[in-house]
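Please open the model in your viewer and keep the selection panel at hand. The stops below move from a helix packing to aromatic rings and then to the whole chain.

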Amino acid sequence: MNATVFLVDTLFNLYLMIVILRLWLQMVQADFYNPMSQFIVKATHPIVGPLRRVIPSIGRFDTATFVLAIAVCALKIITLILISGGNLNPIGIAIMSVMGVIKETLSLMFWVLLLRAILSWVSQGQSPVDYVLHQLTEPFLAPIRKIIPPLGGLDLSVLIAIIGLQFLQLLIQDALRVL
């Protein structure tokens, strides 16, 4: 049973990360001709395309993709409840879905920041992945750099952003325990 739960959770989380990446790419207006961006668009377009006809965007915020992210998270929760033999509570599932998307977004941001930091040590900044990671993270690293500039060539903005993300994740976990 644990192996099945692990597999279902992992598969849903991987697709949820791709959906969140699509939303994030659109919000930062990243290069959609980049091979990494093209993969994300092709993996999500069969569902997002028809949803966009029904659910309009609000400015740069792609509402259809956000609804898909919540639906994927809700489907994961429902599947895991059915596997474990629990009872379905629609209100609880809705709340857990929104919180799950937020939690997964923060987790994804952590991994993207960590990957960008590691690639900055070994890469020359020429790969398409480096370029997309830069586009994704620069909107929230640039304000940190304005407050704390690089010290002796050492950029602490990624470290501060990671600490902030971990703090937010702990706050969300505490809030979920209260609920």
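**First stop: the packing of H4 and H6**

Select Met99, Ile102, Lys103, Leu106, Ser107, Met109, Phe110, Leu113, Leu114 and Ala117 in H4, and you will find them in contact with Val158, Ala161, Ile162, Leu165, Gln166, Leu168, Gln169, Ile172 and Leu176 in H6, where contact means heavy atoms within 4.5 Å. Coloured by class, this contact of H4 with H6 has 15 nonpolar, three polar and one charged residues; Ala, Val, Leu, Ile, Met, Phe, Trp, Tyr, Cys and Pro count as nonpolar, Asp, Glu, Lys and Arg as charged, and the others, Gly among them, as polar.

The model is predicted, with local features requiring pLDDT of at least 70 and side-chain atom pairs counted only at pLDDT 80 or more, whereas totals for chains, interfaces and linings use all residues. Residues are numbered from 1 along each chain as its sequence is written, and side-chain values use heavy atoms, with hydrogens and water left out.

**Second stop: aromatic rings**

How many aromatic pairs does a search of the whole structure find? It finds three, a pair being rings of Phe, Tyr and Trp (its six-membered ring) with centres within 6.5 Å. Select Phe61 and Phe66, whose pair is tilted, at 5.5 Å centre to centre and 55° between the planes; planes under 30 degrees apart count as stacked, over 60 as edge-to-face and the rest as tilted. Phe61 is partly exposed, at a relative accessible area of 28%, and Phe66 is partly exposed at 29% (buried means under 20%, exposed over 50%, partly exposed in between, with a 1.4 Å probe and protein chains only).

Move on to Phe110 and Trp111, whose ring centres lie 5.0 Å apart with planes at 75°, so the pair is edge-to-face. Phe110 is buried, at 17%, while Trp111 is partly exposed, at 48%.

**Last stop: the whole chain**

Zoom out to see six helices and zero strands, these being DSSP runs (helices H or I, at least four residues; strands E, at least two) numbered from the N terminus. Buried residues make up 37% of the 179 residues.
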